[in-house]
Structure formats: structure tokens, C-alpha cells
Amino acid sequence: MGPGLGAWLPELFLWREDKGAVRPQQRELWPHLQPPALRRCPALSSTYTRMWLESQAALKELLAQELPSQPPRPEKDQRLFFHMLATLFLRYTQILRCLETCYDQMVHPQKRRVLQHMLDGVMGRVLELKDEMVETELSEYHYMDDVLQDLKLTPADMQVPIPKYFVNQRAKALKERQQVLSEILARVEPSMPSGPSRPAMLRDEAVQLVQMAERMRQGRLRSKFMWEIRRDEERERRARETGAKELDREQAAICIQKVWKGCLQRRCTKLERQREMAFIGMAPDPKASGLSAAMLRAQLGEEFRRLRQADYEAEYQQALVSIREGLYEVEGPDMREEMKEQLRQWFIECHDLTGRFPEFPDEEIGGSSILFAEKTPEQVKAELDLLEAEGQKKKVKKKDKEKTKEGKQKKGKGKKQEEDEGLKLALSKFLPVISEGFTQYQTIWGNEDESDNFEQRYEPELIKAQKRKEVEKELRLQVDELMREELQRLKLAVDRDDGKSRRAKKSSKTVGGAGHSQALGSPNPRSPSRTLDSLYEELVLQGILKQAQRVQLADYTGDFCYLGTTLRMAGIEPTPSVMDIRQNIALYAILRLGSPTLHEMAPLVKSVLLAGPAGTGKKMLVHAVCTETGANLFDLSPDNLVGKYPGKAGLSMLVHVVFKVARLMQPSVIWIGNAEKTFYKKVPKEEKQADPKRLKRDLPKALKLLKPEDRVLLIGTSDKPYVADVKTLCKAYERILLLPRPDYASRYVTWQRLIKKHGGTVTTALDVSALAKLSDGYSQGHVARAVQMALTERRLLQMPKKPLRAGEFLQLLAKADPIYSEEEKTLQDWYMKTPLGKKRLKAAQESADRKEGKGKDKKGKKGKK
């Protein structure tokens, strides 16, 4: 740890708990608590500004490629089209990583708002490209090692980052919810029945155990004593047989020196070899234990910048109120008089042209604002196009009816035409968002001179421009009321027109609106008088709502598949790596649950099924999704519902309450362990009493009621999905991810991480490569249990004198049952029966038929010649 670094940590942790609620005394101590490296704010801010500028330049190129002046030609080659998709995916991922870092570390409050808008847009575009890659390759896993090589990137560069603002912006709410959950569980635990207590041991049994242990100890000592006697007798016998003479003092000293010098030289050689291997990066550096001082200072700097974000955000919110009040007091009277003069001039001009005063526009259509709205030529053209489109609707409806009749007869021809047309990129909902953010950056921040804004505080002029419109809108409502009365007086005085008031219409509308609001606000018959807190507590007491384990997605360790493209070109389907699984979880679950904008606009994913052998980390991934997004965890596993909410009425009540609380406290994850039991083909006899198929009908119905704005995700985990009905299972789960056993690279990384996590040290004496090779066929769960059993407290104390060996772990690992090839083949065959698997088989069959057809045509031509 660097000099003086420990003095800042206690105060930093106090601030970190407040999550931005900076106290006045902290604000006074701010300059003194900052380390010298962090006081150079312009240098740090310029770094992230430069990263933002580089990302804007890359976005400019991509927007020019994706939004060209002329529509691009369709691509007929599927491989070239996927290569283009993969290139776009990786380039957008690079921009996403850059923008996420900038948003996490920038302190300027107004820049961060523009950054978040662009960050959501780029994340949405990444999700759209992912869906297009799935439709193109008909696979959930993609291998882009050739594209990485072309772009000169590493596998770490293709990982989709998880924005930290998912949890940081809701830190206070998450902390309060955690406290409520802990209080409820603390009240429940004392009343819960404890497990069966172990009976006290009798005195005779205790004495017998002590005697047995003492006899065993004496036996070991006796055997050791007899072994030493036999060793001495063997030495004497050999000396008599060989007739060896005793060495004199000088020869004995030379012999001892020779042995000792050889031992010292071997020890020095071993140390030099270890230093050399650590220097070239082939072995871990024994001195580099933990984080270095530079890394600690960097982490401390990141924490300070996040705290400064909260401080500047509070100042910005105060400035929004104060500047608005100042504009209202200073510029408000002039704005009000100017609006009145404009409206009076409009009254006079209309009276001069028509001889009568005009009708004042209603508030419903915008009031006087529509009189002075300047429309651009593009808006006028859009209105004309809209009118033309409405006129052609009737013609289109007639043509559609005719096309539907002809379409049934020309299905085969339509498919051939689509194949001839080629592949195109689908329309994107997020490209306009990205383009808008890019334009906003160019107009506001592209040419902004911030040489005098060293501390990166808010810009008052931007706030004035924003609040001036709000003040003008508020004043216009007041002016409209005054000018309506003035117009009525003018009509009475000049035109002698009584003027027709519209109060009756307004009153009738308000009565209808009140009745409508009462209809919408009617209590639910299933939970008429229940509050959200009472429903939340009930689910916790019933064991439905559980506390998620603190697991990061990065803890699901593994490596990249480096030969994926090569194997696919050779006709071999590669095994997905752990990194591919982690990528899909981030794209399908975490990003969508974390951002409301993404969940509403991106392709909707309501449910995901994780299928794979036991111990491959399915449950860990569920907890990682909850941790990364701050989501609630609802457990609707069949084993957890036994004896809870009995009967049809109780089941419907359970589903209603769970989905209601999940929607109101979103984001939420509904987890169903052993998901195959809900859709059993035939329920086993021993499970009939538990009724595992209770949710078979109600669960799909509840999923259909979820809307895009409901951030609720159903995640199922299954070890034996092949025992369930494929059709009903695939209807409930939209995305199915198959988790295989880990490959060699993933096992190597997993062994290292788990040994270090449980307090062990990886030295040269421990051959991790041999462990990874010999543990082929075992899952991550098997490895974790073996490490946990081997690294006991006593073994950790012996580690300085007795380094770890591979045999210690292999003995414990051999006791577990491995994942057999028959189980993997069964899972692969089942996956081919899923919708995506069927499409893949069909595409492979069609490509094989085409090749056979081409081969026959060539043979026919040769025969004719």
C-alpha cells in the first residue's frame, strides 16, 4: 500500500455507505482527503474526454456504414453476411466498453446524461445484432476468432461489459430492501423448528473412545520404535558384509562439504529458474501477493470519482431549481408581455382580414403555442405523406386480401425468391437513438471550450436554455387564460357577440374521466386490501422470495474457444466455452433487466432455460443475474412449492401474487429449479404426491400477460430436460442455452481460481496443467467440492512447509461420479428437438441436398460430352 494511502480508506468507506449523500463536514475535508494523484482533475477528465471522442469517431464510421445514402445490396453468401454481422458486433462492443468506462468515471453531470442515452442505444444495437446472428447461424453460440484476428483484438475485448450504474444508481433502495429482508428472516429464524439434536454421549462410551484413541497412539509409537531398531540393525549388517572402514576426520569433512555445496547450488539454481519463469510470465510471481500499491491507488481514485459524481449531481439538481426560479423572476415579466403583444397583434390582424375576432385555441390542442409554431419543410412533407398514406389505405386493404389468397398457392416460389434476393440487415430501433446522441454530442460538446472548467461542474448556460423553455410553457398557460378573457371582452365590445363558453363540454369530460379513473383504480378481487409490504412479507415467510447469493458473473471463470471457426469449417461442431455461456447470460438476462429502455425497445426475451449436467453452474448463473442487476429472486421450483398454497384457488393466488410483486418491485427473476418436472411426460410414482406439474397451465398464461415495460425474467434450470414434453417446455422458455462440461482451458482457470479463493497458494510443486488434464469429464461443481474438502484449516497451516500437490485433489475428485459421454449425447439429441435445433437440422439437410444436386448436374454434363 502506498504512503499515506491507509489514512484515506476509513473516510472513503464511510462515504461509500452513504452512496453520494455527502455531509457538509465531508465536503470541507474533500481537498485534504484526496491523494495528490487525484487532485490533477484536468488530466483525469481529459483522459475520459479523449475516450469519448474516440468512441464518437468510431460511431461516425458505423453510422455511415449502417445508414448509407443508398440502400445496400443484399448479400447472398451466408458466411460473408455473418462475417459482416460479427464485425459490427465486435466494433459496437468496443464502443460499448469505452462508453461504459466514460460513464462510470466522468463527473460532469450534463455529460453523463448524454452518455447514458448513447450507452443505452449502443447496448440495444448489440442486442439486435446478437439476434440477427442467431437467425443467420441458427445457433446460440458464435465463434468469431477469425474476425478477432482481422480486427487485431484479443478475446477479452469481445466480452460485453455490465454497466455499473445498474446497481450504483439504485444502491440506496437495494440497501433498504436488504434490511427489510434481513429483519423478516431474523423474526422467522427463532420460531423455525431446529433440526434433530444429537443425544449426549454416555460416560462409558466416552471412556471407551478415549481408551481406543490412546491404544492407537501407543501402537503408532511402538511401530516407529521397532522400525528404527530394524534400520540400525540393517546398517550394521551391511557394514560387516562390505568391510567398510571408518573415515578419518578430514575425509568426513570433505564429504559433508561436498554434499552441502551441492545442496546450496541446487537451491540457487531452482530460485533462479523460478525468477526467470516469473519474469517471462510463465509462472506466478511469489512476491506479487495481492494488489500492488499502484492498483490500490487506481481503485481508490475510481471510488473518489464516483463520490464526486454524487456531489456534483446534488449541486446540479439544486441549480435546476435555483436557475429556473431566477429565470421566472428576471425574464418572466418580459416573456409574459411579449406573448401578450404577439396575441394582441394576432387579434388585430385576424379582425382586419375577416372582420371578426378569431376563436382562441383550446388547451387540449396546445393553446397559443400552435399559432407561432414554425414548421420545417420536412415536417410539411411528412404531413402530406401521411395524408397520402391514409388515402391509399383502402386500396392496400383490397390488395392484401387478394395477396393472401394467392400467397397460399405460391409458397414454394416465395421461398426461392427470398433465397435469390439474399440476406439484409433488419430495421433497427436503436440506430435513430445512436444518431440522435451523436448529433447532440456534436452540437453541444463537440466544439465546447472547457479550459476554464477544471473541476468539471455543470454548465449554467445549458440549464438556462433548458429551463427557459419550461418557463415559457408555464407562462404561456397563464397568458392564454388572460388573453381568452381579453378576447371575450373585445368580442362583447366590438362584435356584440356573447361568446359561447365551453365549460359544459369540459365538465362533461371531467365527469367521464373521473368515472374512468374509478374503473381503473378498482381493487383487484384476488388481493382487494393487501399492501405491497404485506405481500412481500408473506412471500418471504413462505420461502418463495429468497435472498440471492453475492456472486458476480466474472466468478463463472473460463477461457475462450480459439478454434471455433476452424472446427466449423471442417464440419465439426465445437463445444461452447464458458466465456460463450457467460456472454449469452449477459446479453439475454443482465443487460435487459438492468436497463428499462433496453427492455422496452430491444427484442423481448421473457424466459430462458439453462440445461446441462449437474454441477455446470446453472444455479450460480441465476444468482449472478440477481447480483449484477439488483433483482429480486422468486423461487417457484416444484420442490419448494410442496404443501404451499394448496388447491386450484391457492395456485392461482400464488401465481397472481408472485407476478404482481415481481412487476411492482422490478427488476425481478423468477427461478424454477428442475424445470423439467413442471412439464413431465409421465410423473414418477414417488413424486405424484408432491404434484410437480402444478404450474403447467398457469405459468405460460402469466408469461403472456407480461408487457415490454415489465422487467421480469423467468429462468429455468434443468439437469434432465429430456424427461419433459419438448413442445410445452419450449413454449414456456423462449431461449434455451445448453451448458456443456468445461474444456481444458476452462478447467485450468477454474482450478487456479478455486485454490486461491480457499486460501491455497499455487506453486511450482502443484502441477495445475496435470490437474486440468486429469479432471476431464468432471464439472465445476466437482472441482469446487474437491478443493473445499482438501484445503482444510489444518492443511492451510501446513502449507508453508508442505506445498500443495496435485494428488491431494485427485484423490478426492475420484470419489465423485463424472459426466459420462452418454449423458452428453442424450442432451445433444434432445437439443436438436428444440425449435432452434430443428431449424439447424433442416438447414443442414437443405445444404446437403444442394451439394448432391450440383454433383449430379456435373456428372450429367460429363456423360453428355
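Mentor: Let's start with a term: buried means under 20% relative accessible area, exposed means over 50%, and partly exposed is in between, with a 1.4 Å probe and protein chains only. This is a predicted model, where local features need pLDDT of at least 70, side-chain atom pairs count only at pLDDT 80 or more, and totals for chains, interfaces and linings use all residues. Residues are numbered from 1 along each chain as its sequence is written, and side-chain values use heavy atoms, with hydrogens and water left out.

Trainee: Okay, so is Leu 138 buried or exposed?

Mentor: Leu 138 counts as buried, because its relative accessibility is 15%.

Trainee: And where does Leu 138 sit?

Mentor: Leu 138 is in the loop between helix 5 and helix 6 (145–151). Helices here are DSSP runs of H or I with at least four residues, strands are runs of E with at least two, and both are numbered from the N terminus. Leu 138 also has a positive phi, near 55°, in a residue other than glycine.

Trainee: What about helix 5, how far apart are its end C-alpha atoms?

Mentor: They are 42 Å apart, and that agrees with the span that 29 residues (109–137) should have at 1.5 Å a residue. The expected span is 1.5 Å times one less than the number of residues.

Trainee: Switching topic: which peptide bond is cis?

Mentor: The one from Gln 666 to Pro 667 is cis, with omega near 5°. Pro 667 lies in the loop between helix 24 (647–664) and strand 4 (668–673).

Trainee: And Asp 691, what's its phi?

Mentor: Phi of Asp 691 is near 55°, positive in a residue other than glycine. Asp 691 lies in the loop between strand 4 and helix 25 (698–704), and is partly exposed, with a relative accessible area of 40%.

Trainee: Last one: what pLDDT does the protein average?

Mentor: The average is 79, and 81% of the residues score at least 70. pLDDT is the predictor's confidence in each residue, from 0 to 100. Over residues 497–525 pLDDT stays under 50, and the model has eleven contacts beyond four places in sequence for them.

Methods: Contact = heavy atoms within 4.5 Å.
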